[in-house]
Amino acid sequence: MKRIIGSIEGAEEGPTIVALAGMHGNEPSGVEALENVFAILSAGQVPFKGRFIGIRSNLDALSSEVRYIDEDMNRIWFPGIIEQIQNSTEEELDSSERIEMKEVIDLINDFVGKESGDSVVIADLHSFSAEGCMFAITANKEEHVSLLSSLHVPLIFGIENTLRGTALRYYQDQGYMTFALEGGQHENDLTVYNVTAALMMMLKECGAISGDSIDKLQEFDQHLREQTRFVPPKVELIYQHIIEDGDNFSMKPGFKNFQYVKKGEWLANDRDGKIKAQCDGYIVMPLYQDQGNDGFFIVEKKA
């Protein structure tokens with residue numbers, strides 16, 4: 001399995017775009033979507049402005065089809081840990097994920113080089129264990145909102161500040177335009193197409209490709225509109241349920257992303273009994289898999 005899914009160096013100046021896929025090995029849809037995107041661009045010999053690379057993040061976990069091998073790769077992007085990784089040999093690193101990160105970080109640094117932050121876009125591609133609508137997580141900044149609103153995916157603000165140690169937050173703090181795209185349920189057939197469509201529209205909105213260069217762009221745009229038309233376009237985090245070791249957390253079956261829940265509604269169980277909603281709002285990412293430390297989030301429509 002190769003680290004680089006695809007890479008393009010455009011003939012004209014433009015944005016520098018890095019897409020990370022498979023940070024969690026049980027989420028292969030981002031890899032498949034990037035394979036689709038590079039195939040579309042190659043088949044149509046599409047004129048490209050700027051530079052674009054797609055990266056498989058966690059090769060061992062992808063091969064094993066598990067979220068992670070030793071530790072969650074998307075919870076250890078802290079400056080101190082990254083410095084330690086960069087200053088260590090592979091033999092000195094104590095987890096599979098840190099060995100993977102060493103190669104990924106070097107690859108990103110080499111590709112981005114000395115580009116200014118406002119010309120770099122970093123997308124982290126994911127999927128989730130529940131059914132329901134796709135969405136994006138990003139900072140509530142004008143340039144981020146402007147780019148992602150054009151993809152017609154709901155934007156969630158606030159989660160990027162509460163999920164500690166994510167690649168999203170690390171590169172955001174470096175001054176780059178960053179977002180995490182949650183494309184759909186892990187095994188749902190639509191998820192790969194959702195991410196493919198969103199990536200193609202993102203390339204257009206960044207100015208990397210022109211709107212008339214690919215016939216399917218209109219189809220992708222319409223698909224995204226249809227997939228997200230019944231959910232609010234912008235929401236903000238108001239509650240996060242964190243799972244501690246030994247909690248024996250179990251989500252009640254049947255909850256979907258952006259399903260509305262009422263304060264006091266029974267959502268899950270743990271060793272202490274029933275877990276009830278602390279507030280009204282839309283539930284996001286209810287956990288229906290063994291690995292993971294976030295039971296669910298509740299968001300509210302942003303005014």
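**View A. Salt bridge between Glu100 and Arg3.** The closest N and O atoms of Glu100 and Arg3 are 2.8 Å apart in this salt bridge (a side-chain nitrogen of Lys or Arg within 4 Å of a carboxyl oxygen of Asp or Glu). Glu100 belongs to helix 4 (residues 96-112) and Arg3 to the segment before strand 1 (4-9), so the contact ties together parts 97 residues apart in sequence. Helices (H or I, at least four residues) and strands (E, at least two) are DSSP runs, numbered from the N terminus. Glu100 is buried at 5% relative accessibility, and Arg3 is buried at 9% (buried, under 20% relative accessible area; exposed, over 50%; partly exposed in between; 1.4 Å probe, protein chains only).

The model is predicted: local features need pLDDT of at least 70 and side-chain atom pairs count only at pLDDT 80 or more, while totals for chains, interfaces and linings use all residues. Residues are numbered from 1 along each chain as its sequence is written, and side-chain values use heavy atoms, with hydrogens and water left out.

**View B. Salt bridge between Arg67 and Glu27.** The closest N and O atoms are 3.8 Å apart. Arg67 sits in the loop between helix 2 (59-64) and helix 3 (79-86), and Glu27 in the loop between strand 2 (12-21) and helix 1 (29-43), so the pair ties together parts 40 residues apart in sequence. Arg67 is buried at 8% relative accessibility, as is Glu27 at 3%.

**View C. Salt bridge between Asp247 and Arg271.** Here the closest N and O atoms are 3.7 Å apart. Asp247 is buried at 8% relative accessibility, whereas Arg271 is exposed at 54%.
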